[in-house]
Amino acid sequence: MAAETTRSGLVFCGGCFLLLLVLPPLLDLAGQQYLLSLACRALIYGLAASSLNLILGYGGMVSLGHAAFVGIGAYTVGILARSGPGSGLVAWPLAVVLAMLFALLTGAVSLRTRGMHFIMITLAFAQMVYFFFTSLETCGGTDGIPLSGRNLLPGLDLNDDRVFYYLCLGLLTLLLFLLHRLIHARFGRVLVGSRENEQRLQVLGLATFGHRLLAYCLAGGIAGLAGALLANLGEYVSPSMLHWTRSGEIMVMVLLGGTGTLAGPVLGAFVLLFLEDYLAMYTEHWMAILGPVLILVVLFARGGLYPLLAGHGRQR
Amino acid sequence: MLVLEQALNGLQLGVMLFLMSAGLTLVFGIMRVINLAHGSFYMIGAYVAATVAMRSGSFLLGLLAALPAAGIAGMVVELLVLRRLYRRDHLDQVLATFGLIFFFNELTRMIWGRQPLFMDVPSWLAGSVELLPGIHYPLYRLAILLAGMVVALFLYLLFSRTRLGMQIRAGATSREIVGALGVNIRLLYTLVFGLGTMLAGLAGVMAGPILAVEPGMGESILILTFVVIVIGGIGSVRGALVGAILVGLVDTLARAFLPGLLRLALDTAAADRAGAAIASMSVYIFMALFLAFRPAGLFPVSES
């Protein structure tokens with residue numbers, strides 16, 4: 001489990017962090033500023049993928065409904081912004097709380113099931129949210145909600161792309177650190193243990209359901225924050241954020257980077273988004289290439305990229 | 001009287017869902033593999049039928065071309081990809097079949113373009129029948145109902161009366177023992193998968209004249225299919241039949257009557273808005289309520 005505490009893992013993560021830190025000036029030098037917003041998207045999706053990794057990689061809960069949390073966060077920001085750009089100190093915590101609340105309600109039902117049932121139930125709940133927002137005119141229906149500007153934060157001008165990038169990077173780093181601590185604490189041990197053998201932990205007198213539900217809520221909350229950031233990045237809330245293929249893409253990021261590794265999902269987000277962007281430059285039919293690539297990754301590169309790059313075995 | 005018409009519409013949606021879910025629930029139940037790409041075979045069926053019907057002018061030829069096309073496409077996918085995933089965890093299966101969806105959707109875009117195709121109702125099924133005095137119902141939709149019943153009967157006979165059906169049922173219970181008894185289990189799995197995708201293709205052909213034939217058309221019905229399977233109990237064809245009809249009825253009736261019912265309590269505009277929102281979620285709410293009481297579905301098949 002302690003992949004990140006090994007030397008090569010630390011070196012790799014540190015190197016990536018430094019690279020991300022100097023990325024904006026580097027892009028300026030290379031005259032590729034447009035890539036900054038793509039990198040920012042990747043940071044935010046990295047956050048969403050990391051939250052999915054908490055329940056999927058460590059808790060063994062294969063949720064195919066993560067887009068719902070992202071969407072709830074984004075729509076919270078969008079609806080609040082109808083009366084002009086509001087304070088991020090109000091909108092963002094509210095986005096997190098609402099996403100957690102939804103996770104609590106749906107998790108209480110869906111965590112009673114396992115395996116295929118769990119996959120399909122989380123998917124169904126996410127569809128429910130999708131149809132809820134797309135059929136309500138107040139939420140912009142199928143058109144989504146354009147924002148008049150980014151949220152306001154004291155002392156930070158979020159409309160400056162660079163400031164926004166560093167804010168995303170800071171939040172991601174902070175949350176990854178907290179997740180790292182959480183997973184190595186007693187809570188994480190119980191979570192991983194309930195993935196491996198829930199009955200054994202229950203015999204030991206541990207409330208595994210409570211632990212799993214709490215992890216599910218935390219993951220929902222973090223994904224809600226990612227949604228709020230995403231709405232701010234594009235200054236637009238789109239129903240496509242809620243589409244079930246988005247849940248699939250977030251899951252792809254986790255697997256591509258490496259399930260059950262701390263930095264893997266972020267790596268996966270960067271690789272997937274930049275690969276999409278790169279392929280789209282050559283052909284409009286890039287999905288016909290990406291699809292088979294995904295299948296090959298699943299079939300042959302088991303364990304994801306992170307263990308490959310940071311020199312670890314499979315962490316599952 | 002409107003109720004009867006809407007109930008028939010609901011049954012007809014139920015039949016299409018049954019055709020989709022029968023194959024998928026078999027694949028779930030027997031191979032224990034989750035296949036998100038099942039909707040792609042529905043799409044392949046619809047596209048092949050629409051193209052052949054347009055070129056030849058015959059709906060029947062389209063149907064006859066679409067069924068083997070969907071079946072063969074399914075068997076090829078089973079041989080190339082799915083076969084390698086049977087012993088993997090569900091996560092790997094979800095991702096690989098997700099990749100298949102990307103591939104098939106883009107492939108149809110490359111071959112047929114982004115514009116939806118439209119398929120005509122065959123002339124011998126056009127028109128409507130007078131069911132009761134004053135109630136006309138389209139003949140084509142009645143034909144779908146009939147076809148669904150025939151398929152259900154066929155599957156029942158296949159599973160309960162034939163050697164192949166017995167082997168499939170036995171394979172679902174214990175793969176190793178059936179294999180040890182000399183049944184070629186790999187071939188059996190490929191056949192079951194092909195049968196499932198052929199049924200999905202049939203659903204696609206039937207949907208062709210009612211809905212637009214377009215890339216990604218498989219996904220909207222796929223998720224309803226999942227709801228059906230969860231309600232019916234994973235692996236149970238009987239459960240798929242009951243679940244499909246329940247889901248078809250709930251969805252259609254909620255869309256038809258919920259705004260009207262809400263109008264009794266709210267003003268018209270608010271009732272229409274809330275009604276539309278709740279109606280589109282109704283199936284999922286139904287599923288959540290259902291699972292709160294029966295987490296394993298209607299006809300649970302033991303899962304090892």
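A helix here is a DSSP run of H or I at least four residues long, numbered from the N terminus. In this predicted model, A:Gly193 lies in such a run, helix H8 (residues 186-203) of chain A.

**Figure 1. A:Gly193 sits in a helix and is partly exposed.** A:Gly193 belongs to H8 of chain A, which covers residues 186-203. A:Gly193 has 16 C-beta neighbours inside 10 Å. A residue needs 20 or more to be buried and 12 or fewer to be exposed, so A:Gly193 counts as partly exposed. A:Gly59 is 134 residues away from A:Gly193 in sequence, yet the two C-alpha atoms are 8.1 Å apart in space.

**Figure 2. Chain A as a whole contains 13 helices and two strands.** Its radius of gyration is 19 Å, close to the 20 Å that the globule rule gives for 316 residues, so chain A is as compact as a globular protein of that length. Of the 316 residues, 52% count as buried. Among contacts in chain A with a separation of 6 or more, 77% are between residues 24 or more positions apart.

**Figure 3. A:Ile44 is in the largest nonpolar core.** This core has 206 residues, and those with the most contacts inside it are A:Ile44, B:Ala49 and B:Val227. Leaving aside residues up to four places away in sequence, A:Ile44 touches A:Cys168, A:Ala226, A:Leu229, A:Leu230 and A:Leu233. In soluble globular proteins, nonpolar side chains tend to be buried together.

**Figure 4. Chain B meets chain A through 36 residues on each side.** On the chain B side, helix H4 (90-112), helix H9 (217-232) and helix H11 (268-293) each supply at least two residues. H4(B) gives the most, with 16 residues. The residues on this side of chain B divide into 27 nonpolar, four polar and five charged. For the complex, the predictor gives an ipTM of 0.83 and a pTM of 0.87.

**Figure 5. Two strands of chain B form a hairpin.** Strand S1 (residues 128-132) and strand S2 (residues 135-138) of chain B run antiparallel and are joined by four bridges. B:Val129 has B:Tyr137 of S2(B) as its bridge partner. Two residues lie between the strands, and B:Gly134 in the turn has a positive phi of about 90°. Of the five residues of S1(B), the number buried is zero, so S1(B) lies largely in the open. Within chain B, confidence is lowest in S1(B), at a mean pLDDT of 77, and highest in helix H3 (residues 59-80), at 92. The mean for chain B is 86, and 98% of its residues reach 70 or more.

**Figure 6. A:Glu235 has a positive phi without being a glycine.** The value is near 50°. A:Glu235 is found in the loop between helix H9 (208-234) and strand S2 (236-237) of chain A. With 16 C-beta neighbours inside 10 Å, A:Glu235 counts as partly exposed.

**Figure 7. B:Arg32 also has a positive phi, although it is not a glycine.** Its phi is about 55°. B:Arg32 is placed in the loop between helix H1 (2-31) and helix H2 (38-56) of chain B. B:Arg32 is partly exposed, with 19 other C-beta atoms within 10 Å.

Terms used. Residues numbered from 1 in each chain as written. Chains lettered and ligands numbered in written order. Predicted model: local features only at pLDDT ≥ 70, side-chain atom pairs only at ≥ 80, totals over all residues. Rg over C-alpha atoms; globule rule 2.2 N^0.38 Å. Contact = placed C-beta atoms within 7 Å. Nonpolar A, V, L, I, M, F, W, Y, C, P; charged D, E, K, R; others polar. Pairing = 2+ DSSP bridges. Core = buried A, V, L, I, M, F, W, Y, C linked by C-beta atoms within 7 Å. pLDDT = per-residue confidence, 0-100.
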